[in-house]
Every structure is written in C-alpha cells, then in structure tokens.
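Here is a short report on how one protein chain is put together. It starts with the whole chain and then turns to the core and the aromatic rings.

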Amino acid sequence: IKMAEEQKKSGRPRKYDADYFPHYCNHNRTLEIIVHKYGNEGYGFYYRLRELLGKTPKHGYDASTIMKYEYLQSKTGVDHEKVDEIIALLCEFGELDGNLWRKKKVIWWYAFVESLNELYKKRKNKIPEKADFMASLLVEEEFRGTEEEVELQGTEIHKVK
C-alpha cells in the first residue's frame, strides 16, 4: 500500500536537508565549555557546524578527504588544530559519534538530527538515521570508484593508441 501511495505522488522529490534548525537561548554544558575554552571562535564553530549539517543531505558530514576537511575548516571558520580539538571535545561529551570520527573522519551528531524532528513531521518524511547517511556515503564511494575506473580505462586506451 505504501509503495502505491508513493508511486501516485509524482510531485517534488523528498527533501533531506534543512533551511532551519532550532537555536536555543539557553546553552547546554557542552557549548558552555567550548565557549569558555575557545571564546567566540568556539561558539561560531558549534553553530556553523550545525548549519553545515543542516544543509547537508542526511545531516552527516564526511571529512575523510583533504578537500572535504578543508571545506569543513572554511565553513566553520577555524584552523585545523581547533577543528580537531573542538570535535574531540564534542566526541568526548557524547555529542558526536566518536568512533565514526576517529575511524573514518565522519561527523554524525544524533542530537542535532533529532532536533529536526518537527521539520520532518511536517514534511511527512522519516527523519534520517545514521544508517541512511552511511549508506549514502557508500553510494558516493562506489560512484567515485566507477568514475576512477572509467578514467583509468580511458588512460589505458590512450596509451594503446
């Protein structure tokens, strides 16, 4: 029945990013500690990271390549030492998935995604889960691998000529 309903709807594709997220006036302990240690730079990092996650499909961020890590620095407005330090704090406090960051340089902030629950209810979409985001990374990785194979094949053909 669900598939039939989804097939009937041929309007806009479902959205899995956000133009808005809640920005509360009362800071949590984590943010208080970050602001105490890093001042306005820490405050800016915290909210600019949330902005980046909000506009990223499925609300996670893959910083595993140099280019993506540099983009993370530019979007959050801090150098790589502070990126690493603040993310380490966020992992230590259980805000970010620490294993995912340490092993793959991927950011998943469960509480942030949960804060978008009302947005997804209004859209009548299921809120993205970590598994959804990780699956999208695998698809991206496979696509990149296929692209590289095509380039290699093109190079090999060129050498034969």
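## Overall fold and contacts

In the protein chain, 63% of the contacts with a separation of 6 or more are between residues 24 or more positions apart. The model is predicted. The chain holds 8 helices and 2 strands. In sequence order the pattern is α-α-β-α-α-α-β-α-α-α. Of the 161 residues, 33% are buried. The chain exposes about 11200 Å², and carbon and sulfur atoms supply 54% of that area.

## The nonpolar core

The largest nonpolar core has 35 residues. Which of them touch the most other members? They are Leu72, Ile87, Leu90 and Ile107. Several elements each supply at least two residues of this core: α2 (29-55), α3 (66-76), α4 (80-92), α5 (98-104), β2 (106-107), α6 (110-114) and α8 (130-160). Helix α2 gives the most, with 9 residues.

Leaving out residues up to four places away in sequence, Leu90 touches Thr30, Ile34, Phe45, Tyr46, Leu49, Glu95, Leu96 and Trp109.

## Aromatic pairs

Two of Leu90's contacts, Tyr46 and Trp109, also pair with each other through their rings. The count of aromatic pairs comes to 5. A pair of aromatic rings is described by the distance of the centres and the angle of the planes. Two of the pairs are set out here.

| Pair | Centre distance | Plane angle | Type |
|---|---|---|---|
| Tyr46 and Trp109 | 5.2 Å | 80° | edge-to-face |
| Trp108 and Phe133 | 6.0 Å | 25° | stacked |

Why is the pair of Tyr46 and Trp109 edge-to-face? Their planes stand at 80°, and edge-to-face needs over 60 degrees. Tyr46 lies in helix α2 and Trp109 in the loop between β2 and α6, so the pair ties together parts 63 residues apart in sequence. Both residues, Tyr46 and Trp109, are buried.

The planes of Trp108 and Phe133 are at 25°, so this pair is stacked. This pair also links distant parts of the chain. Trp108 is in the loop between β2 and α6, Phe133 is in helix α8, and they are 25 residues apart. Trp108 and Phe133 are both buried.

## Cluster and charges over rings

Tyr46 and Trp109 also belong to one aromatic cluster, together with Tyr43, Tyr47 and Phe112. Arg50 lies over the face of Trp109, 5.0 Å from the ring centre. Arg123 lies over the face of Tyr120, at 5.3 Å from the ring centre.

Definitions and conventions:
Residues are numbered from 1 along each chain as its sequence is written. This is a predicted model: local features need pLDDT of at least 70, side-chain atom pairs count only at pLDDT 80 or more; totals for chains, interfaces and linings use all residues. Side-chain values use heavy atoms; hydrogens and water are left out. A nonpolar core is a set of buried Ala, Val, Leu, Ile, Met, Phe, Trp, Tyr and Cys residues joined through side-chain atoms within 4.5 Å. Buried means under 20% relative accessible area, exposed over 50%, partly exposed in between (1.4 Å probe, protein chains only). Helices (H or I, at least four residues) and strands (E, at least two) are DSSP runs, numbered from the N terminus. Contact means heavy atoms within 4.5 Å. Rings of Phe, Tyr and Trp (its six-membered ring) pair if their centres lie within 6.5 Å; planes under 30 degrees apart count as stacked, over 60 as edge-to-face and the rest as tilted. A charge sits over a ring if NZ of Lys or CZ of Arg is within 6 Å of the ring centre and within 35 degrees of the ring normal. Accessible areas come from the Shrake-Rupley method with a 1.4 Å probe; for residues, only the protein chains shown count as cover.
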